[in-house]
Every structure is written in structure tokens, then in C-alpha cells.
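Dear colleague,

Please find the structure below, handed over for your study. The notes that follow it set out what was found.

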Amino acid sequence: MNYAIYPSLKGRRVVVTGGGSGIGAGVVEAFVQQQAQVDFLDIDGDASRALVDRLGDGARYHPCDLTDLSRLSQTLSSIGDVDVLVNNAANDDRHTLAEITPDYWEQGTAVNLRHLLFATQAVAPGMKARGGGAVINFGSISWHLGLENLVTYETAKAGIEGMTRALARELGGDNIRVTCVVPGNVETPRQKQWYTPEEEQRILDSQALKQRLQPEHLARLVLFLAADDGALCTGHNYWMDAGWR
Ligand SMILES: NC(=O)c1ccc[n+]([C@@H]2O[C@H](COP(=O)([O-])OP(=O)(O)OC[C@H]3O[C@@H](n4cnc5c(N)ncnc54)[C@H](O)[C@@H]3O)[C@@H](O)[C@H]2O)c1
């Protein structure tokens, strides 16, 4: 692929949550290729350190459980003011309605919804001081399709779209843009473990385009939304699902 270089991203300060693996790692790598300064937060130390080893100086890893809000706050304040926040981390463990306890519900919303709000709250003053910024949230096609055994995750993902609209309005006066990327089915190491060859074929049959989405495809959309090229994009969802129906 002959991908774009965005001059406006060179030297920009970027934070990515859940940047150690999957789509987040693709986003970290894409920003490093643009010569941005990338800090990423994750709980998976092995994957995160392997990514830093591969990418070199452009990316810094911060061990942080995003469900621990005081740790999140300390980590973001140690990073300092940033231009871009990518709220990517989530956990789509399967569960039936009957299995959900109050604790499971709290944990599910903590890992899939709550940290996006508090990370945005933490970085917004610094973005304002730098003249503006971009917050890019990760939603999901799952709740639009009404997939089974994911009600906690899907409720959180639906909430992220509402949060995106509300925060875009609240922060727009400070030139902070808030958008939501809605991926289709992306072939990450974690997703691969669940799919048989028949299910892989079902995914391709559901897509208009007969090619599996990779983390790098989503990363290209994130770059556009973070760059000056996306300067008037805010408050909306940006889908990349290879034309799912
Ligand atoms: N892969 C897909 O098909 C797909 C589809 C729709 C939406 N999405 C969304 O895209 C985003 C990335 O998905 P992915 O498939 O790359 O996920 P993934 O599970 O492969 O990676 C998530 C990353 O977040 C980290 N993480 C999880 N819980 C954490 C916590 N408590 N604290 C810190 N880090 C934590 C993990 O260690 C991992 O590195 C998510 O928001 C997901 O909901 C993915």
C-alpha cells in the first residue's frame, strides 16, 4: 500500500489506550511512522514491551489498568499535555444475560466505557492550552448488528457514541474535536482465536469487499481524524467495516 504522510502529525503528542496489541498496536505504529511522539497505556506488559522493542524510540509504554481511575489519572499527568487521545482499549469477553452479576456489570462498563470519559476529562485542559486537539473513540459494529452474548459490551459501545456527541459539543469551543471510529470485524490476534474457517468465510460473505480488515486499515482512519486534514470532523461516527450488511 502507498499510504499518506500527514505533515501536521509530525511531532504531535499522542496517547493511545490499549496500544499494546490488536488495533491499538496498529494505531501506535501508524503514528510512529508519522514521526509523532506516542505514549500508550496497557495491561499486557509482554505485548507492549515487544511493540516498543520493534518500534524503537517513537513509542513509550506505560503499564496502566484503565479500570483503576487514580492510576489512569497519575499516568496521564506524568505524560503531560497532548494533542491527540485515542480511546481504544476495550474487552469483548462473551457473556449471557444470566451470567451478569452486579460486579461483572461494573467491571464491564469500567473497561469498556468509564475510562474514555475520565481520560478525556484529564487531557482536555492540556489540549485547550495547546490550542485544540482530537479525541478519537472506538465504538463497534456489534451493537448495531445486535450480536448475541455481548450485552454489557454492546451497551457500553452504544454509550460511547452518545458520549462522543455530548463531548464534541462541550469541547468544541476549545477547538477539541471528538469523533468515534466504528470498526467492522477486524482480524486481530485476539479475534482470530474464535474463528473457524467457516466463520471466516461468513465474515467475507457479509462484507461487500472480500478482504479482511486489519488493524492498519483502522489506523489510517484514525490518522486522518487526528491530522489537520480532519479539522472540521467532530461529533460523528466514522465507519470502516468493508461494507457489512
Ligand atoms: N477487532 C474487532 O473486530 C473490533 C470490532 C469492533 C470494535 N472493535 C473495537 O476496537 C478497539 C480495539 O479492539 P481490538 O480488537 O484491537 O482489541 P484487543 O482485545 O485485541 O486489544 C485491546 C487492548 O486493550 C488492552 N486492555 C484491555 N483491558 C485493559 C485495561 N483494563 N487496561 C489497560 N489496557 C487494557 C489489552 O491488553 C489489549 O492490548 C476496541 O475498542 C474494540 O471494542 C474491535
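In which sense, left-handed or right-handed, does α4 pass α6? The crossing of α4 with α6 is right-handed; a crossing is called so if the near helix is turned clockwise from the far one by less than a right angle, and left-handed if anticlockwise.

Please note that this is a predicted model, in which local features need pLDDT of at least 70 and side-chain atom pairs count only at pLDDT 80 or more, while totals for chains, interfaces and linings use all residues. Residues are numbered from 1 along each chain as its sequence is written, and side-chain values use heavy atoms, with hydrogens and water left out.

Helices α4 and α6

Helices here are DSSP runs (H or I, at least four residues), numbered from the N terminus. Helix α6 covers residues 151-171, and its axis lies 9 Å from that of α4 at an angle of about 15°. Axes are lines fitted to C-alpha atoms, for helices over the stretch in contact, and angles run from 0 to 180 degrees between N-to-C directions. Ala, Val, Leu, Ile, Met, Phe, Trp, Tyr, Cys and Pro count as nonpolar, Asp, Glu, Lys and Arg as charged, and the others, Gly among them, as polar.

Helices α3 and α4

Helix α3 (residues 69-79) and helix α4 (residues 102-129) cross at roughly 35°, their axes coming within 10 Å. This crossing is right-handed. L69, L72 and L76 represent α3 in the contact, and α4 supplies residues including F118 and A122. Seven of the residues are nonpolar, one is polar and one is charged.

Helices α1 and α9

Helix α1 (residues 22-33) packs against helix α9 (residues 215-226) at about 55°, with the axes 8 Å apart, which means that α1 is oblique to α9. The crossing of α1 and α9 is right-handed. Their contact includes I23 and F31 of α1 and L218 and V222 of α9.

The second largest pocket

A pocket is, on a 1 Å grid over the protein atoms alone, an open set of points where a 1.4 Å probe fits, with protein on both sides within 12 Å along at least five of seven lines; lining residues have an atom within 4 Å of a point. The second largest pocket has 19 lining residues, and A25, G26, E29, R54 and P215 are the closest to its centre. Helix α1 gives the largest share of this lining, six residues.

Yours sincerely

Terms used
Helices (H or I, at least four residues) and strands (E, at least two) are DSSP runs, numbered from the N terminus. Angles under 35 degrees count as roughly parallel, over 145 as roughly antiparallel, 65 to 115 as roughly perpendicular and the rest as oblique. Contact means heavy atoms within 4.5 Å.
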